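Dear colleague,

Here is the structure I said I would pass on. My notes on it follow below the entry.

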Amino acid sequence: MTQQRTAPEASAAQGAAGGREPGEDAGTATVSVIGLGQLGTRLAQAFLAAGHPTTVWNRTPAKADALVAQGAARAAGLEAAVAASPLVVVCLPDYATVRGLVEPVAGALRGRVLVNLTSGTPQDATKTAHWAAGHGIGYLDGAAMSGTRLVGRPDALFVFGGPAGVFAAHREVLGALGNSVHVGDDPAQAPVYDTALFGAAWGALAGFYHSIALAGAAGADLRTYAEVVTGHMGFVTSLMADHARQIEEGRYPSDDGTVEVHRAAMDHLVHTSRAGGVGTEVPELFGALLAGAEGAGHGGSGIASVVEGMRAGADTATTTPAAAPAPNAKGRRHV
Ligand SMILES: NC(=O)c1ccc[n+]([C@@H]2O[C@H](COP(=O)([O-])OP(=O)(O)OC[C@H]3O[C@@H](n4cnc5c(N)ncnc54)[C@H](OP(=O)(O)O)[C@@H]3O)[C@@H](O)[C@H]2O)c1
């Protein structure tokens, strides 16, 4: 039978850790998880699986039952959950909910580290970090990038923004979640990465969805096609590292083909799609990006020069302040 622990026992475990930085003793550092929805439940399970004494609290208590059966300690209330661990992970629908819950227990959070794995904007992260700093609370903003299914496995990507020392002190515990990466001292970098990576994944998937529709319409075996395209991704990702350097330097050598050559190839893709009865929205978007670069005088440049037009668009677009990308330390927009 699984032994059930209560929050006071978890507190005792923390007390036994004395002044030790949590995380130094991998596998025994205690952690509290607040918000046991789809993601929060998987976070708590991953901490438990890695051997970290885990205290849980949820507004609807019954959602903690399965975790308690798996060895988690049930906190009697929110404040008890906070008091149980030096590291308090919150996972709630939005930042307004987070603030509504944590503000009344700011006193209990003082001296602890709050890790916020709730989705939001860079502005949300900055405001919450300022609030935490004002109450003597360490703060890491984070984002789960791989859904819930992979949580606890090495290929589940989590990004964290906040002071490097705070992340380092808790690296072992946060590492229980998967591939936990520190992306900068500024907490706002976590939601910046969150949205940027989401866009990157969707860009890749949109190309994949179009291409598999095209291949399928031409009679290709879809599984074979998926295997071939997956094997091709190594080449695509090698371009990313190379092109990131080009974008940073503002120089676009044409080693991987010029904008003109790629625009012509994109025309073929549009025509082939049309002939096969497949929608052309995706290749037309790619073609428009290339045509824009060509129009801006980059016809003979490498294809990463399309970023120049995107940057110009970001500076002139009528985006709301909340939706505008945060400038980085050099005042340049993130790409
Ligand atoms: N699910 C995913 O695949 C995924 C992936 C990446 C990021 N995220 C992000 O993770 C966050 C949580 O997502 P989720 O999918 O776990 O959400 P969810 O399944 O809907 O769970 C929401 C949780 O928030 C609690 N909650 C809602 N309103 C509350 C309130 N006013 N006071 C106290 N607790 C409240 C709920 O408690 P009750 O049980 O009492 O309702 C529940 O525990 C979101 O920001 C989401 O964008 C989710």
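Subject: helix packing and cores

The buried residues of helix α13 (residues 281-298) are Val-282, Pro-283, Phe-286, Leu-290, Ala-293, Glu-294 and His-298. Around the helix axis they span an arc of only 110 degrees, so they sit on the same side of α13. On the face turned away from that buried side are the exposed residues Glu-281 and Gly-295. Please keep in mind that this is a predicted model.

What does α13 pack against? Its partner is helix α12 (residues 259-275): the two axes come within 9 Å and cross at roughly 155 degrees. Because angles over 145 degrees count as roughly antiparallel, α12 is roughly antiparallel to α13. The crossing of these two helices is left-handed. From α12, the residues that meet α13 are Val-259, Glu-260, His-262, Arg-263, Met-266, Asp-267, Leu-269, Val-270 and Ser-273. On the α13 side, the residues involved are Pro-283, Glu-284, Phe-286, Gly-287, Leu-290, Ala-291, Ala-293, Glu-294 and His-298.

Phe-208, Ser-211, Ile-212, Ala-215 and Gly-216 of α10 make the contact with Leu-222, Tyr-225, Ala-226 and Val-229 of α11.

Now the cores. The largest nonpolar core has 61 residues, and those with the most contacts inside it are Leu-43, Val-88, Val-89, Val-90 and Leu-114. Helix α2 (residues 38-49) gives the most to this core, contributing five residues. Apart from this core lies another, of nine residues, which include Tyr-252, Val-282, Phe-286 and Val-306. Returning to Leu-43: if its neighbours within four places in sequence are left aside, Leu-43 is in contact with Val-33, Val-89, Cys-91, Leu-117, Val-151 and Leu-177.

For the protein as a whole, the secondary structure comes to 14 helices and nine strands. Of the 335 residues, 37% are buried. Among contacts with a separation of 6 or more, 63% are between residues 24 or more positions apart.

Regards

Terms used: Residues are numbered from 1 along each chain as its sequence is written. This is a predicted model: local features need pLDDT of at least 70, side-chain atom pairs count only at pLDDT 80 or more; totals for chains, interfaces and linings use all residues. A nonpolar core is a set of buried Ala, Val, Leu, Ile, Met, Phe, Trp, Tyr and Cys residues joined through C-beta atoms within 7 Å. A residue is buried if 20 or more other C-beta atoms lie within 10 Å of its own, exposed if 12 or fewer, and partly exposed in between; C-beta atoms are placed from the backbone. Helices (H or I, at least four residues) and strands (E, at least two) are DSSP runs, numbered from the N terminus. Two residues are in contact if their C-beta atoms, placed from the backbone, lie within 7 Å. The arc is that of the directions from the helix axis to the C-beta atoms. Axes are lines fitted to C-alpha atoms, for helices over the stretch in contact, and angles run from 0 to 180 degrees between N-to-C directions. Angles under 35 degrees count as roughly parallel, over 145 as roughly antiparallel, 65 to 115 as roughly perpendicular and the rest as oblique. A crossing is left-handed if the near helix is turned anticlockwise from the far one by less than a right angle, and right-handed if clockwise.
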